[in-house]
Amino acid sequence: MVLPEVEAALAEIPGVRSVVLFGVETHVCIQQTALELVGRGIEVHIVADATSSRSMMDRMFALERLARTGIIVTTSEAVLLQLVADKDHPKFKEVQNLIKASAPESGLLSKV
C-alpha cells in the first residue's frame, strides 16, 4: 500500500535503503506495504510489538509470512537501540529511560 503520499515521501529521501513499519491491520496494510517495498529493493523492518490486527491469528500468520519473505520482524526496543547505535549517541539516555519502563503485554509471547 505504497500510496502516492508514501511514494512522494520516499522520493524526497534519495538512497532510502530501509524502512521501519508499525501500525494496525498487520495482515493487510502492513503486509501489503512491506511486500511492495521489498519488491522495490528496500529492506523492511516490522516492529512486532507495535503492530496489531483484529485477531491474533491474522497478526501471527502475517508476521510469520513476512519473516519467511526476508522481512526483518523485530521489537520496539531493538529498533530504538539500533537507531542510537551506542551509549555515545546524544539521545541514548532518553532512549534508555524509555526502555526501562515496563513494556505492555503484546500477546505475542503467548502464541509462540
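Reply: A residue is buried under 20% relative accessible area, exposed over 50% and partly exposed in between (1.4 Å probe, protein chains only). The model is predicted, so local features need pLDDT of at least 70 and side-chain atom pairs pLDDT 80 or more, while totals for chains, interfaces and linings use all residues. Residues are numbered from 1 along each chain as its sequence is written, and side-chain values use heavy atoms, without hydrogens or water.

A search of the whole structure finds five salt bridges, each a side-chain nitrogen of Lys or Arg within 4 Å of a carboxyl oxygen of Asp or Glu. One of them pairs K87 with D88, and the closest N and O atoms of this pair are 3.4 Å apart. Both partners face the outside: K87 is exposed at 64% relative accessibility, and D88 is exposed with a relative accessible area of 60%. Elsewhere, salt bridges with shared partners join E7, E36 and R40 into one network.

The closest N and O atoms of R40 and E7 are 2.7 Å apart. R40 counts as partly exposed because its relative accessibility is 40%. E7 is also partly exposed, at 33% relative accessibility.

The salt bridge between E64 and R68 has another setting. Its N to O distance is 3.0 Å. E64 and R68 are both in helix α3 (residues 56-68), and because they are four residues apart, about one helical turn separates them. E64 is partly exposed, with a relative accessible area of 45%, whereas R68 counts as exposed at 62%.

E25 has a phi near 60°, a positive value in a residue other than glycine. E25 sits in the loop between β1 (18-24) and α2 (26-39), and its relative accessibility of 25% makes it partly exposed. A85, which is not a glycine either, has a positive phi of about 70°. The place of A85 is the loop between α4 (76-84) and α5 (92-100), where A85 is exposed with a relative accessible area of 63%.

On the α4 side, E77, L80, L81 and V84 take part, and on the α5 side F92, V95 and I99; contact means heavy atoms within 4.5 Å.

H45 is found in strand β2, which covers residues 43-52. With a relative accessible area of 8%, H45 is buried, in contrast to the exposed K87. Apart from neighbours within four places in sequence, H45 is in contact with S18, V19, V20, L21, I72, T74 and Q82.

Key:
Helices (H or I, at least four residues) and strands (E, at least two) are DSSP runs, numbered from the N terminus.
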